Amino acid sequence: MIRLAILADLHANLAATLAVHADMQRRGLTDAWVLGDLVGKGPRPKEVLEWTQAHASRVVQGNWDARVAGATHRPQDLWPRSKLTPAQLSYLGELPYGIEEQFAGAWWRFVHASSRGLFHRLYPHSSLADQITAFEPNAQYGLKAHADALVYADMHEALLLDVEGRPLINCGSVGNPLDSTLPCYLILEFDPHSPTHSATFVRLTYDRDEEITAAEQSGMPFTKEYITELLTGAFQKRRARTGE
């Protein structure tokens, strides 16, 4: 069997990342694919990036990775940027847009946000036309195949839909889940001798208090919003405040 651990949206949450790593080790999973957003939001971008470089076999770029590498200059981009070396920033900026591989006789596509751009969102409630478009080629981003299955991230919500016979799967978020307070990752299994696959979502507990303490001691912007998201699983709008 081919067994892949699909992780995404680690968001500089080292405690959650290490908890997922430990679970992968217990399950004998050695092939980890990370679908972007290694950094941003959380307090330990350097450590999570180093973990990814050491343990992930495939990595694609997320929108926060592009922002921190230089695409935008918000306070939440500048702080993690200041914690990374020029080489690490280059690594983030040069990550590929997506992966296309054939498993069990089908073309599987793996991207961070969608097939139409890093900042284009594919929602669970997106129209059927938008969902169908997500499987089409997009030469601008090196997506050449007519995908039979799409795995993505960005929404921080685990999802499994059937789009006219094709799986549309969101792997959920490791470091910043917004459909639960528990980290989530995906296990895909393929039988190389048959046209079958299985998709399993894994949720687990982690040392959230350690992560909150790291955030409180980091000096990063939007600490309150980050901690609230960890405690509630509810998205917090980040707006720069002045006069504080």
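1. Lys-41 forms a salt bridge with Glu-229, with the closest N and O atoms 3.3 Å apart; the term covers a side-chain nitrogen of Lys or Arg within 4 Å of a carboxyl oxygen of Asp or Glu. This pair joins distant parts of the chain, 188 residues apart: Lys-41 sits in the loop between β2 and α2, and Glu-229 in helix α8 (residues 223-232). Both Lys-41 and Glu-229 are buried (under 20% relative accessible area; exposed is over 50%, partly exposed in between, with a 1.4 Å probe and protein chains only).

2. A word on the basis: this is a predicted model, where local features need pLDDT of at least 70, side-chain atom pairs count only at pLDDT 80 or more, and totals for chains, interfaces and linings use all residues. Residues are numbered from 1 along each chain as its sequence is written, and side-chain values use heavy atoms, leaving out hydrogens and water.

3. The structure holds 14 salt bridges. Another one pairs Arg-74 with Asp-77 at 2.9 Å, N to O. Arg-74 is partly exposed at 25% relative accessible area, while Asp-77 is buried at 0%.

4. Within helix α1, Arg-26 and Asp-23 lie 3 residues apart, about one turn (helices are DSSP runs of H or I, at least four residues; strands are runs of E, at least two; both are numbered from the N terminus). Their salt bridge has its closest N and O atoms 3.2 Å apart, and Arg-27 joins the two in a network.

5. Which residues of helix α2 (residues 45-55) are buried? They are Pro-45, Val-48, Leu-49, Trp-51 and Thr-52.
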